[in-house]
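Biologist: Hello! I am new to this structure; could you show it and walk me through a few parts?

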Amino acid sequence: MTKHLLKLLDLTESDILNILDTADQLKSELKSGKPHDFPPGKTLAMIFEKNSTRTRVSFEVGIFQLGGHGLFLTSGDSQIGRGESIADTARVLSRYCDCIMIRTYSQDTVEALAEYATIPVINGLTDFAHPCQILGDLMTIREHKGKLRGLKVSFIGDGNNVANSLIVGCLKCGIDIAIASPAGSEPDVRVLDFAKTVTDAKFTLTTDPKEAAKDSDVIFTDVWASMGQESEAAERRKIFAGYQVNDSLMALAKPDCMVQHCLPAHKGEEITEAVFEAHAEEIFDEAENRLHVQKAVMYLLMRG
C-alpha cells in the first residue's frame, strides 16, 4: 500500500484487496474478542472542517479498538481556523502524532497535507473523493455477494465524491458500473478520463436511471444536495426528481439486487422509505463496515 490514502486512483486492485482482507481479519477478531496485533499507544489526529457522524465515530472508535487514541480537531478549536497554513499544520502534527485523518472540502488540502506530513494522511472525505466510504462499500458487497469481479453496480443520482470514488473502486476491482446523472451533474472529468483507460470492466454514463439499473447486482444512491449545497436543495430536488430509487426502478435490477446508501438518507427524495427499509440490513452493514475498513487502513499505514 502507498504511504497515504488520499484517493482510490492512487491504489492498485491488489492494494484494495489487501485492505479488504485486513478488514475482514480485524472484523473477525473484534467479533470473537481476539486482541488486534497492533502497537499500543498510536495517536490519530482527526481534522474536521465538515460535519460528521459515521466518519468521526468510526475513526475514533477504530483507533481506540486498535489500542490507540484519537484527537478531535476542528477549525474552531485549532490554529487552522486562525490561518495557520496546511504545511505548518502537517509538520506540527507529524511531531506529535502517528497519523492524520482529515475531512474537508478541497482535495488540494488533503494532497498538500500529505506533501508536508512525515506521517500517513487519510482522506476522510473531500468534495472530490470519499475513499473510505467506497472501501466499506466494496467490503459489504463482497460479504453479501461472495465476490467483486463480474458484478454490475449502478449509481443513481449526483455525480459527486461518492460517485467519483465508486467508479474508480469498482473498475479497479473488475466490476461493471453504470452512472445515471442529470446533464450537468456528471462525475469529475479526471474520473471519466480514468474510466476510458479500463479494459476489463465496463463503464456506462447515462442520463437514464432505467438504463443504469437494468440487471444490476447493487444499486447505490446518495443525497441530492451534499454538504455545502444546502442553499440549492429546492432547485436540486426538481433536477433530480426522476432519479429516485423506488420499487419500479428496483424491478429492473436482478431479483437479489442489494441497495447501498452512504447515509444520511433523505427518505422520500433519493430513495423511498419502502426500498430503504427493505434493504436496511445491507445499508447498516455498509455503515458498520466503515469501522472495519478504516481500522484496516490505519493498521496497514501505522503498523510499520
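Modeller: Gladly, starting with a term: buried means under 20% relative accessible area, exposed over 50%, and partly exposed in between (1.4 Å probe, protein chains only). This is a predicted model, where local features need pLDDT of at least 70, side-chain atom pairs count only at pLDDT 80 or more, and totals for chains, interfaces and linings use all residues. Residues are numbered from 1 along each chain as its sequence is written, and side-chain values use heavy atoms, with hydrogens and water left out.

Biologist: How many of the 12 residues of helix 6 are buried?

Modeller: Helices (H or I, at least four residues) and strands (E, at least two) are DSSP runs, numbered from the N terminus. The buried residues of helix 6 run from Asn161 to Lys172, including Ser165 and Gly169. Helix 6 is largely enclosed by the rest of the structure, because the buried count is 12 of the 12 residues.

Biologist: Which element gives the most to the lining of the largest cavity?

Modeller: On a 1 Å grid over the protein atoms alone, a cavity is a set of points where a 1.4 Å probe fits but cannot get out, while a pocket is an open set with protein on both sides within 12 Å along at least five of seven lines; lining residues have an atom within 4 Å of a point. Among the residues lining the largest cavity are Leu8, Phe128, Asn164, Ser165 and Val168. The element that gives the most, with 3 residues, is helix 6.

Biologist: How much space lies in the largest cavity?

Modeller: Grid points are joined across faces, edges and corners, and a volume is the space filled by probe spheres set on the points. The structure holds 1 cavity of 30 Å³ or more. The space in the largest cavity is about 40 Å³.

Biologist: Which element gives the most to the lining of the second largest pocket?

Modeller: This pocket has a volume of about 150 Å³. Strand 2 (69–74) and helix 3 (86–96) are the elements that give two or more residues to its lining. With 4 residues, the one that gives the most is helix 3.

Biologist: Is Glu186 buried or partly exposed, and what is its relative accessible area?

Modeller: Glu186 is found in the loop between strand 6 (176–180) and helix 7 (189–196). A polar atom of the Glu186 side chain lies 3.0 Å from the backbone nitrogen of Gly184. Glu186 is partly exposed, with a relative accessible area of 36%.

Biologist: What is the relative accessibility of Cys132?

Modeller: Cys132 is found in helix 5 (residues 131–145). Leaving aside neighbours within four places in sequence, Cys132 is in contact (heavy atoms within 4.5 Å) with residues including Leu5, Phe59 and Arg290. Cys132 counts as buried, at a relative accessibility of 0%.

Note on methods: A polar contact is a pair of N or O atoms within 3.5 Å; within protein, one must be able to donate a hydrogen and the other to accept it, and residues adjacent in sequence count only if both atoms are side-chain atoms.
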